[in-house]
Every structure is written in C-alpha cells, then in structure tokens.
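Student: I would like to learn how to read the features of a model like this one. Please show it, and we can go through it step by step.

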Amino acid sequence: MPIAQRRRGSKIKGIQFTLMVVGTSGTGRTTFVNTLCEQEVLSHQAVGDPQLAHVEESVAIKPVHVELEEDGVRISLTVVDTPGFGHSIDSEHTFQEIVEYLERQYDDILAEQSRIKRNPRFKDNRVHAVLYFIPPTGHALKEMDIELMRRLSPRANVIPVIGRSDALTPRELKAFKKRIMEDIEYYNIPIYNFPYDEDEDDEETIRENMELRALLPLAVIGSEEDVVIDGESIRARVYPWGIVEIDNPDHSDFGRLRSAILGSHLNDLKSITEDVLYETYRTEKLSKTVLDNRQSQVYPEDLANQSVRLKEEQLRREEEKASCVLREVELRVQREISEKRQQLLAKEETLRTPAQWQITHSLLLATIIRTGLVVISYGCKVPAGIFVPSMAIGATFGRMIGILVKAMERAHSGHGIFAVCAPDVPCITPGTYAFLGAAAALSGVMRITVTVVVIMFELTGALNYILPTMIVLLVTKAVGDFLGTNGIADEMIRFNGFPFLEKEDHAYNVSVSAVMRTEIYTIVESGMNVKQIEDLLEATNVKGFPIESSDGLRHIIGYIGRTELRYVLGTLLIDVIRLATRLILFVPRDSEHSTHSVSFGIEEEAGTSFFESALSEGGLRFWPWVSSKTPITVSPELSLEIVMQLFKRMGPRVILVENHGVLTGLVTVKDVLKFIVTKPAHELSWDDRGGLDGLLEEIWTWATENIHRAVSWMRRR
C-alpha cells in the first residue's frame with residue numbers, strides 16, 4: 001500500500017523509527033506487526049508445556065530491526081515487542097521494566113550528547129511511538145491499562161488501539177470506543193491524539209487529523225494470508241459468516257494507522273519525542289545534579305558513564321530485592337512450620353485427655369443429626385442439595401474414626417500396624433480421615449467414583465490424596481454393589497414412579513404380550529353419542545383411547561387422547577344436555593376426505609367456521625382432533641427389548657398391540673417399568689438376602705469357617 005507523506009516530511013532515505021507494541025497475549029500484536037511490515041518479523045508464541053502453565057512468565061523486551069521501503073522512502077524500523085506482559089498477578093514489576101527501558105534509551109542519548117568526542121556510529125534507539133493494544137472485551141479499560149498508559153505517556157507517544165476488533169459488532173465497537181475515550185479523559189491520560197495547529201497547518205492536514213482523532217482508539221485487524229476475491233489477491237480474514245478485509249476502512253482502521261505512523265505523522269512523532277518528551281526528561285535528569293541550591297559542574301566523563309552506573313545500580317537493587325524476598329520467604333516458612341507444630345502438639349495433648357471422648361460423642365451425634373436432616377430435606381424436596389450435605393455427614397463420621405484411630409496409636413505406639421510410624425512425626429491425622437469420609441459418603445450416596453476423585457482433587461489441589469481417595473471409593477463401590485443398592489437419584493425416580501427408562505439395554509427374553517395391558521377402554525369409530533363419551537371419561541382415568549372399527553372386528557382406526565376429547569367437548573358442545581344424543585364421528589366419510597383433510601391439536605386454534613361445520617346433521621365430526629390416525633402398533637410376539645427401543649428413540653405415549661389387524665392390548669412406559677420392578681432379578685438384592693440379619697449371618701458363617709480352618713492348620717503344625 002503506497003504511503004504519501006503529507007505532513008512536515010519529504011522523501012528522505014534511511015529514516016530511523018522505533019515502534020513499541022504493548023499488550024496482553026491474544027490481542028494480535030504479532031499478527032499486526034507482521035501485517036504492518038508485510039513479512040514475518042515476529043514469530044508466533046509456541047504452545048508451552050502444560051505442566052508449566054502455572055509458572056508466571058516475566059515480561060521480556062525484544063527489539064527487532066527491519067528495513068522497509070514505502071513509495072521510494074527507505075525506513076529503518078525497529079519494532080520493540082513485549083511478550084509476557086500481563087501474565088503476572090502483580091504487574092508492578094512489569095510496569096517498571098517497560099518504563100525503565102524507555103528511560104535507558106534517553107540516558108544513552110544524553111550520555112552520547114555529553115561526550116567530547118561523539119561516536120559517529122551511535123544509533124538512536126528512543127521509542128517514538130507506543131501502540132497499546134486493548135483487548136476487545138466490549139466493557140472498558142482495566143486498571144492495568146489505565147496505570148501503564150499513565151506511566152508511559154510522559155516518556156513516549158502512546159496510541160491506544162483495539163486488537164482483533166473483528167470480535168465485536170460495529171455497534172459494540174462504537175460503544176467500546178466511546179467508553180475507552182471517556183476513561184482516558186476521566187483519568188487525564190495524555191495520549192497522542194494527532195495534534196494540529198489551526199494557524200500553521202493547512203486545511204487538508206487539519207481535516208486528516210480530525211478524522212484520525214475521531215477514530216481513537218483505532219480498531220485494527222491483522223492477517224498474514226492473502227485471499228483471492230474476484231481475481232484480486234487481498235489481505236483478509238475468512239470467517240464462516242463472511243470476509244474481513246484488512247485494508248478496507250469500513251472493516252478496520254489498519255490502513256489509516258499504517259499510513260499515519262509510517263507516513264504522514266512519522267516526522268511529527270519523531271519531533272515530539274525529540275523536542276518535548278526527551279527535553280522534559282533531560283531537564284528532570286540534569287536538575288537532580290544541582291545540590292545545595294548551587295549550580296554544580298557537569299563533568300562530561302560522568303555523563304558518559306551515567307548509563308553504565310544506572311544499569312549497575314539497577315542490578316544492585318534487584319539483587320537486594322531478591323535477597324530480601326528470599327529472607328522473607330524463609331522466615332515465613334519457618335514461622336508457619338513452628339505454628340503448625342504447636343497446633344499439632346496442642347491437638348495431641350487434647351487427644352490424650354478425656355476430652356477426646358467428648359469430641360467423639362459430639363461427632364457421632366452430629367453425624368446422626370445430619371443424616372436425619374438430609375433425609376427430611378431431600379424427601380421433602382427442599383432445594384438444599386445433596387452433594388455438600390452428604391460430604392458433611394461423611395466428614396464428621398470420618399473425623400470421629402480418625403480420633404479413635406489416633407487414640408489407639410497413642411495407646412499402642414510401636415506395636416502392630418503402628419510400628420511403621422516415625423516417633424517424632426505425626427502418624428495419624430484425623431483431618432485426612434474426615435476428607436476420605438466425605439469422599440466415601442458422596443460416592444455411596446450418588447454412586448459415582450471418578451467424578452468424586454476429580455471433585456476432591458479440585459478441593460485440595462494435592463496429588464498425594466488421589467491414591468487414598470481411589471482406594472476408599474473402590475471399597476465404597478464394592479460394598480454398594482454387594483448390597484445391591486442404587487444411587488439416591490435412581491431411587492427417587494423409582495420411588496416416585498417416574499416413567500424413565502434406563503439407557504442400558506437388558507435382555508428379558510419375554511415378548512410384549514407378557515407386559516401389555518389387555519383390559520383397555522376403546523372408542524368405536526361411529527355410533528357413540530356425546531353422553532356415552534362423557535360417561536366413559538367420568539368412569540376412567542386413562543390418558544387416551546384406541547379407536548376401533550364399528551363392524552365388531554376390532555380393527556385399529558386411530559388413537560385419541562383424553563385431553564383432546566375434553567378440549568373438543570368443551571369447545572364445541574356448549575350445551576351438552578341438548579346435544580347428549582348427537583352421534584360422534586371419529587372417521588371422515590368418503591365425501592369428506594377431500595374437503596376436510598386437516599387435523600388439529602389442543603395447542604392449535606381452528607376457525608369459527610370449522611367449528612360450525614363440525615356440528616353437522618350427520619353427526620359431530622371429531623376426526624380432525626384424532627391425535628394419531630396411524631398409531632405405532634406391534635405384534636404380541638415382538639420382544640420387549642424392541643418395544644423399549646421404540647419408547648426410547650421415538651418417544652410415543654402408548655404403543656398398541658395388534659394381532660393380524662385386531663386390537664389385543666396396549667403398552668405404556670409405566671407398564672414396562674412395572675414389569676421390570678416385579679420381575680425377579682438374576683442377582684439377589686439386599687432385601688432378598690435378608691437385610692441386615694442376613695448380612696450378619698453371612699459374616700458369622702464366613703468368620704467361623706475361617707477360624708476352624710486356622711485352628712486345624714495350627715494343630716497340624
């Protein structure tokens with residue numbers, strides 16, 4: 001894209017210009033710089049090791065040199081990137097690093113100007129413009145953005161830009177720009193707002209600067225790929241919803257920004273840096289050498305070595321700061337260790353006294369009370385949750401067990417399983433028992449395993465608890481499987497009788513005839529009057545009625561729900577007594593197939609003329625409200641597994657059972673669930689094994705047999 005310098009500039013070869021880009025990761029800095037230079041200047045950050053994701057990354061200031069040529073003008077561009085900015089929780093050190101880099105460039109030029117014999121090859125690295133990338137959040141400036149721009153403004157020309165602005169809609173982008181400028185004005189941040197002088201500048205320059213000022217903060221988009229559109233290769237970003245052109249002013253302010261910093265406002269940025277920002281810093285720096293209100297002599301050799309002294313001073317301060325932080329960390333760790341040791345010793349003294357039995361009784365009572373409250377709240381369907389209450393029950397019971405084990409360890413120290421415990425290190429921690437008890441209770445109530453491990457790891461963040469947690473959960477699952485119990489959610493579904501089929505498929509080896517309901521209430525397609533329908537609705541509570549043929553052969557004609565019948569009777573028959581003997585037609589005649597071929601549901605509204613036509617002399621036309629003229633039918637010999645698949649995948653309310661076209665019964669989801677519950681399982685459940693008495697009897701039998709075997713073996717020895 002050719003750039004014409006229209007403002008205080010001409011075609012000068014070898015213009016040196018330094019541009020710094022500052023912004024958090026993900027704002028498009030790298031892509032913007034590569035798009036600006038039309039070549040790969042900065043490399044994209046590679047994906048790091050996930051195990052090191054928690055390590056805070058410090059900011060790194062990296063200058064990169066690139067040669068550009070725009071409209072015959074050679075530009076020696078230095079791009080200063082700041083990777084790692086915004087990665088730390090405390091950004092104070094990052095702020096100092098960036099500001100000190102800007103000041104070091106001023107110190108170098110100040111020292112060079114103070115030399116008696118200057119270096120002809122000295123390179124001016126002062127930063128002429130800072131592009132501050134603002135994330136496209138759509139809200140406002142963050143505190144970090146406000147503070148850093150306030151610190152950078154006295155040392156460089158700060159130009160705020162919105163990176164990756166295609167993440168916002170035009171309306172959102174306009175509102176976001178307005179809020180950013182309001183924050184900049186409120187906090188009095190002196191950004192580079194494309195200044196102009198109405199007395200000295202021409203009308204074209206004034207108009208251009210006014211347009212650029214109105215665009216602040218500039219919304220930029222970058223792209224390193226070319227897209228061919230209408231035979232022309234352009235830089236753009238391709239999305240499923242469209243194409244965003246980088247150089248299109250309707251899509252992005254990239255072209256205007258590039259033209260300004262590398263063309264029309266390049267010399268202006270350099271002049272402000274040289275005449276205003278640097279001179280201000282130079283005055284502040286030199287004024288510090290005046291002591292006792294007397295003008296002191298400035299030695300050129302001192303100024304020449306000032307940059308080196310400043311760097312040495314900075315390194316010394318960093319070393320002192322690091323040593324102070326290290327000493328503070330050591331003291332804090334020692335203090336925490338001492339406090340923890342004192343707490344453990346105090347707890348041990350408490351456990352040695354009879355107070356431990358009072359604590360044990362309190363925990364047992366708390367476990368019983370919590371269990372009762374959870375049973376009441378969950379049974380009454382109070383929105384109190386089940387995860388946290390169940391974990392609280394397990395935690396109190398687990399801590400009680402931990403205290404008892406701790407007392408046993410103190411009484412039998414060095415014997416049995418306690419022989420492996422170190423003498424000076426706490427061996428039994430009741431808190432660990434409370435943690436494992438909470439995991440076991442949650443797993444036993446909800447019948448989940450891996451999820452509990454993840455939850456407990458998220459709560460503690462410690463890897464050393466994963467293995468004990470997995471062992472406890474495996475034991476909990478084994479006990480639950482042995483007792484034949486289900487999770488509390490499954491039990492609530494079964495207890496309330498919800499028509500819910502499990503996702504797992506089971507083989508029952510029975511046909512649908514063993515499950516279907518044979519005593520059903522049907523409606524004849526013709527010949528029934530309003531009074532008979534009303535009596536049928538009053539005498540039954542079923543959800544629907546199969547419609548069979550009136551010739552006595554019981555052929556299936558359709559199916560109509562109870563709700564549809566109530567709706568039609570309530571809508572059409574205002575005076576039911578007067579129309580009690582009126583016949584009802586559930587199937588249209590041959591002549592009515594072409595004129596009335598529509599049907600309605602209870603949520604659809606039919607016109608008044610249609611209701612009036614339904615009250616014909618030949619009978620009441622109920623057939624448009626038949627919900628299913630072709631209901632799902634199966635054969636009595638069809639396996640129950642296939643019928644269950646029909647319920648799961650198609651979701652019908654009822655399936656009719658017919659034998660060679662003759663209606664023989666129907667089956668619903670509740671019929672299937674009733675059969676599953678009443679069918680004897682292959683494995684005996686808890687109740688089938690005799691409950692708690694049966695379990696104790698099995699344990700006694702197993703223990704007696706093992707004792708007899710052990711005694712017999714010892715006698716043989």
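Student: Where does Pro217 lie?
Tutor: Helices (H or I, at least four residues) and strands (E, at least two) are DSSP runs, numbered from the N terminus. Pro217 sits in the loop between H5 and E6. The peptide bond from Leu216 to Pro217 is cis, with omega near -15°. Most peptide bonds are trans, and most residues other than glycine have a negative phi.

Student: What should I know about the model before reading on?
Tutor: This is a predicted model, in which local features need pLDDT of at least 70 and side-chain atom pairs count only at pLDDT 80 or more, while totals for chains, interfaces and linings use all residues. Residues are numbered from 1 along each chain as its sequence is written, and side-chain values use heavy atoms, with hydrogens and water left out.

Student: How many helices and strands does the protein chain have?
Tutor: The protein chain has 21 helices and 19 strands. Buried means under 20% relative accessible area, exposed over 50%, and partly exposed in between (1.4 Å probe, protein chains only). Of the 717 residues of the protein chain, 39% count as buried. Contact means heavy atoms within 4.5 Å. Among contacts in the protein chain with a separation of 6 or more, 71% are accounted for by residues 24 or more positions apart.

Student: Which residues have a positive phi without being glycine?
Tutor: Glu38 is one of them, with a phi of about 55°. Glu38 lies in the loop between helix H1 (29-37) and strand E2 (62-70), and counts as partly exposed because its relative accessibility is 49%. Asn188 also has a positive phi, near 55°. The place of Asn188 is the loop between helix H4 (170-186) and H5, and Asn188 is exposed, with a relative accessible area of 64%.

Student: Is Ala219 buried or exposed?
Tutor: Ala219 is buried, because its relative accessibility is 2%. Its element is strand E6 (residues 218-219). Not counting residues up to four places away in sequence, Ala219 touches Ile162, Ser165, Leu173, Lys177, Ser252, Asp253 and Phe254. Ala219 and Ile134 are 85 residues apart in sequence, yet their C-alpha atoms are 9.5 Å apart in space.

Student: How do helices H5 and H6 cross?
Tutor: Axes are lines fitted to C-alpha atoms, for helices over the stretch in contact, and angles run from 0 to 180 degrees between N-to-C directions. The axes of H5 (residues 203-215) and H6 (residues 254-264) come within 11 Å and cross at roughly 130°. That makes H5 oblique to H6; angles under 35 degrees count as roughly parallel, over 145 as roughly antiparallel, 65 to 115 as roughly perpendicular and the rest as oblique.

Student: Which residues in H5 and H6 meet?
Tutor: Glu208, Glu211, Leu212 and Leu215 in H5 meet Arg256, Ala260 and Ser264 in H6. By class, this contact of H5 with H6 has three nonpolar, one polar and three charged residues. Ala, Val, Leu, Ile, Met, Phe, Trp, Tyr, Cys and Pro count as nonpolar, Asp, Glu, Lys and Arg as charged, and the others, Gly among them, as polar.

Student: At what angle do H19 and H20 cross?
Tutor: The axes of H19 (residues 640-650) and H20 (residues 669-678) cross at roughly 135° and come within 11 Å. H19 is therefore oblique to H20. Leu640, Met644 and Phe647 of H19 make the contact with Val669, Val672, Phe675 and Ile676 of H20. The residues of this contact of H19 with H20 divide into seven nonpolar, no polar and no charged.

Student: What does the side chain of Ser443 reach?
Tutor: A polar contact is a pair of N or O atoms within 3.5 Å; within protein, one must be able to donate a hydrogen and the other to accept it, and residues adjacent in sequence count only if both atoms are side-chain atoms. The side chain of Ser443 reaches the backbone oxygen of Ile448 at 2.8 Å. Ser443 lies in helix H12 (residues 430-446) and is buried, at 3% relative accessibility.

Student: With which side chain does the side chain of Glu548 make a polar contact?
Tutor: The partner is the side chain of Thr522, at 3.2 Å. Glu548 belongs to strand E12 (residues 544-548) and counts as buried, at 11% relative accessibility.
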